[in-house]
Amino acid sequence: MDYRAGSARELTDDEVELVAYARRIVDTQGDGEQGVHTMGAAVRGVDGRMYGGINLYHFTGGPCAELVALGHARASGARGLTTIVAVGDGGRGPVGPCGRDRQVLLDYHPGIRVLLPTAEGVRSVVIEDLMPYGARWTPDEGMAPVGQEEGQK
């Protein structure tokens, strides 16, 4: 997949550490080839702490690893998050978030950086660049185009 987002850049040392943390989660907690736990995710809080998650694949559409990591962070008291990554089992490396995860990230954590594979290697990209012509949802305002100020409908 070729992302040419303006915010795309090489990974920092903290982001490389986050990828390694997500990899440890899927390598130690995954099920192997026939398993349902095949993706690990990690998110970093503004205070530098890392929180992890693993997917809960299910035919009804169980949560992705990214959503589990977001829930873990919130349950642990983290409100502001800076970066997120998901890593596949079997050495697959970082994997970009699905559409549902992208929307959740945009809605709850605008400005978060997402680590994902590109033609130039794994890069760090701001979530808004992964949602061209996106709309952001809030409980108070409902849906509004990305970049539109709150209260301007």
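A salt bridge here is a side-chain nitrogen of Lys or Arg within 4 Å of a carboxyl oxygen of Asp or Glu. The model on screen is predicted, and a search of the whole structure turns up three such salt bridges. The tour visits each of them, then a helix pair and a hairpin.

**Stop 1: Arg9 and Glu15**

Select Arg9 and Glu15 and show their side chains, which meet in a salt bridge with an N to O distance of 2.8 Å. Glu15 has a relative accessibility of 3% and counts as buried, because the cut-off for buried is under 20%. Arg9, at 30%, counts as partly exposed.

**Stop 2: Glu17 and Arg44**

Next select Glu17 and Arg44. Their side chains form a salt bridge, again given as 2.8 Å from N to O. This pair links distant parts of the chain: Glu17 belongs to helix α1 (residues 13-29) and Arg44 to strand β1 (residues 39-45), with the two residues 27 apart. Colour α1 and β1 separately to follow the link.

**Stop 3: Asp89 and Arg92**

Move to Asp89 and Arg92, a salt bridge whose closest N and O atoms are 2.8 Å apart. Asp89 counts as buried at 16% relative accessibility. Arg92 is partly exposed, with a value of 47%.

**Stop 4: helices α2 and α3**

Hide the side chains and select residues 65-75, helix α2, together with residues 99-108, helix α3. Two packed helices are described by the angle between their axes and the distance between the axes. For α2 and α3 the angle is about 30 degrees and the axes lie 9 Å apart. Angles under 35 degrees count as roughly parallel, so α2 and α3 fall into that class.

Now bring back the side chains at the contact. From α2 these are Glu66, Leu67 and Leu70; from α3 they are Arg100, Asp101, Val104 and Leu105. The residues of this contact comprise four nonpolar and three charged, with no polar ones.

**Stop 5: the β5-β6 hairpin**

Finish with strand β5 (residues 113-118) and strand β6 (residues 121-126), which pair in the antiparallel sense over six bridges. How many residues lie between β5 and β6 in the hairpin they form? There are two.

Note on methods. Residues are numbered from 1 along each chain as its sequence is written. This is a predicted model: local features need pLDDT of at least 70, side-chain atom pairs count only at pLDDT 80 or more; totals for chains, interfaces and linings use all residues. Side-chain values use heavy atoms; hydrogens and water are left out. Two strands pair if DSSP finds at least two bridges between them. Helices (H or I, at least four residues) and strands (E, at least two) are DSSP runs, numbered from the N terminus. Buried means under 20% relative accessible area, exposed over 50%, partly exposed in between (1.4 Å probe, protein chains only). Axes are lines fitted to C-alpha atoms, for helices over the stretch in contact, and angles run from 0 to 180 degrees between N-to-C directions. Angles under 35 degrees count as roughly parallel, over 145 as roughly antiparallel, 65 to 115 as roughly perpendicular and the rest as oblique. Contact means heavy atoms within 4.5 Å. Ala, Val, Leu, Ile, Met, Phe, Trp, Tyr, Cys and Pro count as nonpolar, Asp, Glu, Lys and Arg as charged, and the others, Gly among them, as polar.
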